[in-house]
Amino acid sequence: MPHRLTIHQARRLLLEKKISAVELTQAVLDRIRDVDERVGAYITLCEASALEQARKADRRIASGDPSPLTGIPVAVKDILCTRGIRTTCGSRILENFIPPYDATVIQRLEAAGVVIVGKTNMDEFAMGSSNEYSAFKLTRNPWDLSRIPGGSSGGSAAAVAADMCLGAIGSDTGGSVRQPASHCGVVGMKPTYGRVSRFGLVAFASSLDQVGPLAKCVHDNALLMKVIAGHDPKDSTSAPEPVPDYIQAFGKGLDGVTIGVPAEYRSMEGMDPEVSDAVSTAVETMERMGARCVEVSLPHTPYAVAAYYVIAPSEASSNLARYDGVKYGFRDPEAADLAGMYRQTRSKGFGPEVQRRIIIGTYCLSAGYYDAYYRKASQVRSLIIRDFKNAFESCRLLLSPVAPTPAFPIGEKVEDPLTMYLSDVFTLSANLAGIPGISVPCGFSGQGLPIGLQIMGNHFDEAMLYRAAHQFEQATDYHLKKPPLQ
Amino acid sequence: MNITRKEVLQVADLARLDLDDAALDKMSIQINDVLGYVDQMNEVDTGEVTPTSHALSLTNAFREDEKTEHLDRKRALSNAPHADDETFVVPRVIKA
């Protein structure tokens, strides 16, 4: 069952020629055929091109010149432009969009030899926490098919959890990599803002969006990260900082590392006791491994959701103005004149959640309301950044839950956007502050649903996040458990 | 009430979105929920705090002004809902 392999296991077998890239890719495609009808992780499958890439990978291995991820089958969230492969962003308005170029992340993955298996389902324009806002299909949680996989990178997380790829790429604007990773029991990294190029990433909120990997274990996640991270002249917000070797940093234990536990996160409303217990146990585990745990304060935490749900929709309303039915995407053919074409195209092309956020954002940016909403939220953002700065004076890492509850049932929050927004309470601060955060499995609920631990760190300190996450993974076995999906 | 039904309609108009009566009713309630929640920000004294629009202090990313690879016209037009060989085609703007 090669589809069950991790990336680092598969890499060894490929290099030892105990398995071919074609066999590995075929095993993954077979697995997709067996289970994806029930899970619904993929929007588009790239069977023919994947097998072609796999054949190329085998030739490259045979020639003795493999790249770091040669022949590894990977899934990509349908928000990253793939040249010649339909990229929908989960929206009707991009239903038939075939990008004429590749995102930088895709170029880097392909240069590293990756086999792209398909494009995964997501909430429309990455706006959602459950994948229920996809215009195309429901994605179900492989651990319990009556529940959501999380979102917005729910398809990527479900595909990794159900062994329908060896690793995946997602994007995270307020928790969209970490929260589905947590709900599906996999490892998800939201890197520092600017660490990974956004060129070719369909824009949602440009000051918050960041691409990140999802994988079956910390090691695999770091392997993917090493490939996609680094400066890109095509993204003017891309950071020039060199990318360290994350794997090298793994074996060093946690002696002398100070970990902060934010006091405000303990008293959070709506916290499931099983989640707080699992996180408390994780804190104890870190202490046993040599870390010193201290309580820290992030006093503006209660206002993070409010600030976020002004800033993100404001940026979205501006970014999504480009969908006008002219250059690409859907155009309503019924329209009689230009104004009608804009209105009908956008009204029929965007789903209700996207329209809601465009209207909220347009309102928050409009004359007379700008100061009360957008400017105020941007000031609160400054205070949240200051909170983190202060906290990182007394600790290197922060520990928290990823989500206040395990995966919720499909349909539970879909009609109540505000409740849906509140489930992002632990993750969206990292986007506002631009800091990295990783989600690692740290337990299961009584019903057998995965629970995730979030480790956050200072800007560009991903290596330390990986080290702590890897040490934690070595001390636990949650990441080894598989969903009961045959 | 943060925003009236009429204001939601006006803002939707600015964003070039059409809402029918049912959608407008639902949207007005949901948006008021969100804006009502967002009002919590007013508890925070932000006095002279400088607003942040970007989490990292970025400086301009300059490069040499050199010709680089670009999309040719055919590929740039390849996704247009309506195009001829040279341009995007839109409904007539100025009436004859």
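A:S153 sits in a loop of chain A, between strand 3 (115-120) and helix 5 (154-161). The model is predicted: local features need pLDDT of at least 70, side-chain atom pairs count only at pLDDT 80 or more, and totals for chains, interfaces and linings use all residues. Residues are numbered from 1 along each chain as its sequence is written, while chains are lettered from A and ligands numbered from 1 in the order in which they are written. Helices (H or I, at least four residues) and strands (E, at least two) are DSSP runs, numbered from the N terminus.

A:S153 counts as buried, with 37 C-beta neighbours inside 10 Å. A residue is buried if 20 or more other C-beta atoms lie within 10 Å of its own, exposed if 12 or fewer, and partly exposed in between; C-beta atoms are placed from the backbone. Beyond its neighbours within four places in sequence, A:S153 is in contact with A:K77, A:M122, A:G170, A:S171, A:S176, A:V177, A:P180 and A:L214. Contact requires C-beta atoms, placed from the backbone, to lie within 7 Å. A:A203 is 50 residues from A:S153 in sequence and 14 Å away in space, C-alpha to C-alpha. A:S152 belongs to the loop between strand 3 and helix 5 of chain A. A cis peptide bond links A:S152 to A:G151, with omega at about 10°.

Two residues other than glycine have positive phi: A:K17, at about 60°, and A:F460, near 65°. A:K17 lies in the loop between helix 1 (7-15) and helix 2 (21-39) of chain A. With 10 C-beta neighbours inside 10 Å, A:K17 counts as exposed. A:F460 is in the loop between strand 11 (450-457) and helix 16 (462-475) of chain A. With 22 such neighbours inside 10 Å, A:F460 counts as buried.

The largest nonpolar core holds 173 residues. Such a core is a set of buried Ala, Val, Leu, Ile, Met, Phe, Trp, Tyr and Cys residues joined through C-beta atoms within 7 Å. A:V74, A:A307, A:I359 and A:L397 have the most contacts inside the largest core. Helix 10 (residues 304-319) of chain A gives the most to this core, ten residues.

Chain B has three helices and zero strands. Its radius of gyration, taken over C-alpha atoms, is 23 Å, well over the 12 Å that the globule rule gives for 96 residues, so chain B is more spread out than a compact globule. The rule is 2.2 Å times the number of residues to the power 0.38. The C-alpha trace of chain B spans about 55 × 45 × 25 Å along its principal axes. Buried residues make up 19% of chain B.

The contact between the chains takes 56 residues from chain A and 43 residues from chain B. Helix 2 of chain B gives the most to the side of chain B that touches chain A, with seven residues. The axes of helix 12 (residues 352-365) of chain A and helix 1 of chain B come within 9 Å and cross at roughly 95°. Here A:I359, A:T362 and A:Y363 meet B:V8, B:V11, B:A12 and B:L14.

Methods:
Two residues are in contact if their C-beta atoms, placed from the backbone, lie within 7 Å. Axes are lines fitted to C-alpha atoms, for helices over the stretch in contact, and angles run from 0 to 180 degrees between N-to-C directions.
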